[in-house]
Amino acid sequence: MIKIMANSKMLTILLYDIENDTAQLFKSLATINNQVGLRLEEEVQVILLSNQMTASYEDLESYFPNLKLMFECHDGWSLAKLLNLGLTNIVTPWMTILDSRDLLFADGALLDFFKLIWSPETKADVIVFKYVYPEFDKQHKVTSFGRADFLNMPFGKYWKRDFLAEKQLGFNEKLDQYVLTDFTSRAMEICPNPLWVDLNNYYLAPRPQIKQNVTEFITYRIDFLNFISHHQVTNEIYLRDLVWSIVHAWSLLVDLGYTNDSHKMGNFSQLLILIRSFGNYKAILNEECRQQGIEFEIPYDQLKKGW
């Protein structure tokens, strides 16, 4: 049974209008509203973030009086800047993030979250709900279910406000595509007690595959690896992430045909600089490339001399 405390909001949802589509935003808010109902209306705060002033939100408050909406609309702002502003408005113990494409009954359940945090046994600063997602054939029939990678899914994760403040965690305003992944990666690396929860009875709606940006990916990983190094994360974790970053960046360069692009290869060399203190780094990277089925060897000597 969920314990409800009067006039003491527990959760803030940062909801950003990613597509400037009021109809889609309405659907997302409706799924939140359906779970809040009359029992949880004093527990949840919703901050709507938008960087497109052409959107019209005048009617939302009248449709969803239980949600106590707050609006932050700033034309042309980046997602990271909007989310950082949203963080400054959070007064609740917990926060999570949604975009306007997310439907709460599919991507996660407020009742699951509240049931967990009201349990006296729950001790966590970050909670990650893991789900499954359907895979379709050409006739749009479900053929199987895959596991959701928690770092790549923006919802299903809850953060304690005090933890974020103590660790000075915010969103990287140099990034665009990897903003949420970067934020989650940093939190999970330095969180002393994250809690992962399997919920196979929910599934994620299919999302179109997003073409990766190799330059931004390298920027994201360099900043992230410098962050965990500064926070004195163990060498084992640092090396694991570093190897993954370099091999994934190299696979992107190979797949996209950028191995002769001096600018992109110069960016890639910045990742290699971070691993050179490990004496056997070439053997480690070559083995990882072999396991990943990457046939093209990284040109270590040329990169070391400068592309």
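Q: Which side chains meet in a salt bridge at 3.9 Å, N to O?
A: Here's the general idea: side chains of opposite charge can pair when their charged atoms come close. Keep in mind that this is a predicted model. In it, Arg161 and Asp162 bring their side chains together in a salt bridge, 3.9 Å from N to O. Arg161 is partly exposed, at 34% relative accessibility, while Asp162 counts as exposed, at 53%.

Q: How many salt bridges are there in the whole structure?
A: A search of the whole structure turns up 10. Some are joined up: Glu189, Arg221, Arg240 and Asp241 are linked in a network of salt bridges.

Q: What are the closest N and O atoms doing in the pair Arg186 and Asp182, in terms of distance?
A: They are 2.9 Å apart, and the two residues form a salt bridge. Arg186 and Asp182 both belong to helix H7, where they sit four residues apart, about one turn of the helix.

Q: Are Arg186 and Asp182 buried or exposed?
A: Both Arg186 and Asp182 are buried.

Q: Which side chain does Asp301 meet in a salt bridge?
A: Asp301 meets Lys282, at 3.7 Å from N to O. This pair links distant parts of the chain: Asp301 is in helix H12 (residues 300–305) and Lys282 is in helix H11 (residues 281–291), 19 residues apart. Asp301 is exposed, with 52% relative accessibility, and Lys282 is partly exposed, with 34%.

Q: Let's go back to H7. How do I check the length of a helix like that?
A: Compare the distance between its end C-alpha atoms with the span expected at 1.5 Å a residue. H7 covers residues 179–190, which is 12 residues, and it reaches 17 Å from its first C-alpha to its last, close to the expected 16 Å.

Q: Why is H7 described as largely enclosed by the rest of the structure?
A: Because 12 of its 12 residues are buried. Among them are Val179, Phe183, Met188 and Ile190.

Q: What span should helix H1 have at 1.5 Å a residue?
A: For the 15 residues of H1 (residues 22–36) it should be 21 Å, and the end C-alpha atoms are 21 Å apart, so the two agree. The buried residues of H1 include Leu25, Ile32 and Val36.

Q: Now, how should I think about the inside of a protein?
A: In soluble globular proteins, nonpolar side chains tend to be buried together. In this model the largest nonpolar core has 64 residues, and those with the most contacts inside it are Leu83, Phe268, Ile275, Leu285 and Ile298. The largest share of this core, 11 residues, comes from H9. Apart from it lies another core of 34 residues, among them Met10, Ile13, Leu25 and Leu48.

Q: Which residues is Phe268 in contact with, leaving aside neighbours within four places in sequence?
A: They include Ile218, Ile246, Trp250, Ile298 and Leu303.

Q: What can you tell me about H9 itself?
A: H9 has 21 residues and reaches 30 Å from its first C-alpha to its last, close to the 30 Å expected. One of its residues is Ser245, which counts as buried at 0% relative accessibility. Not counting residues up to four places away in sequence, Ser245 touches Phe217, Arg221, Leu225 and Leu271. Just after H9, Gly257 takes a positive phi of about 75°.

Q: Where do I find residues other than glycine with a positive phi?
A: Check the loops here. Gln168 has a positive phi of about 55° although it is not a glycine, and its place is in the loop between helix H6 (161–166) and H7. Gln232 has a phi near 60°, and its place is in the loop between helix H8 (214–230) and helix H9 (235–255). Gln168 is exposed, with a relative accessible area of 71%, and Gln232 counts as exposed at 71% too.

Q: Which residues make a nonpolar surface patch of about 300 Å²?
A: Phe136, Val142 and Phe145 make that patch. Phe136 is found in strand E5 (residues 126–136) and is partly exposed, with a relative accessible area of 39%.

Definitions and conventions. Residues numbered from 1 in each chain as written. Predicted model: local features only at pLDDT ≥ 70, side-chain atom pairs only at ≥ 80, totals over all residues. Heavy atoms only, no water. Patch = residues over 30% accessible without salt bridge, like charges linked within 9 Å, V, L, I, M, F, W, Y side chains within 5 Å. Areas by Shrake-Rupley, 256 points an atom, 1.4 Å probe, with all protein chains shown as cover. Salt bridge = Lys/Arg side-chain N within 4 Å of Asp/Glu carboxyl O. Helix = DSSP H or I, 4+ residues; strand = E, 2+ residues; numbered from the N terminus. Buried < 20%, exposed > 50% of the residue type's maximum accessible area, 1.4 Å probe, protein only. Expected span 1.5 Å × (residues − 1). Core = buried A, V, L, I, M, F, W, Y, C linked by side-chain atoms within 4.5 Å. Contact = heavy atoms within 4.5 Å.
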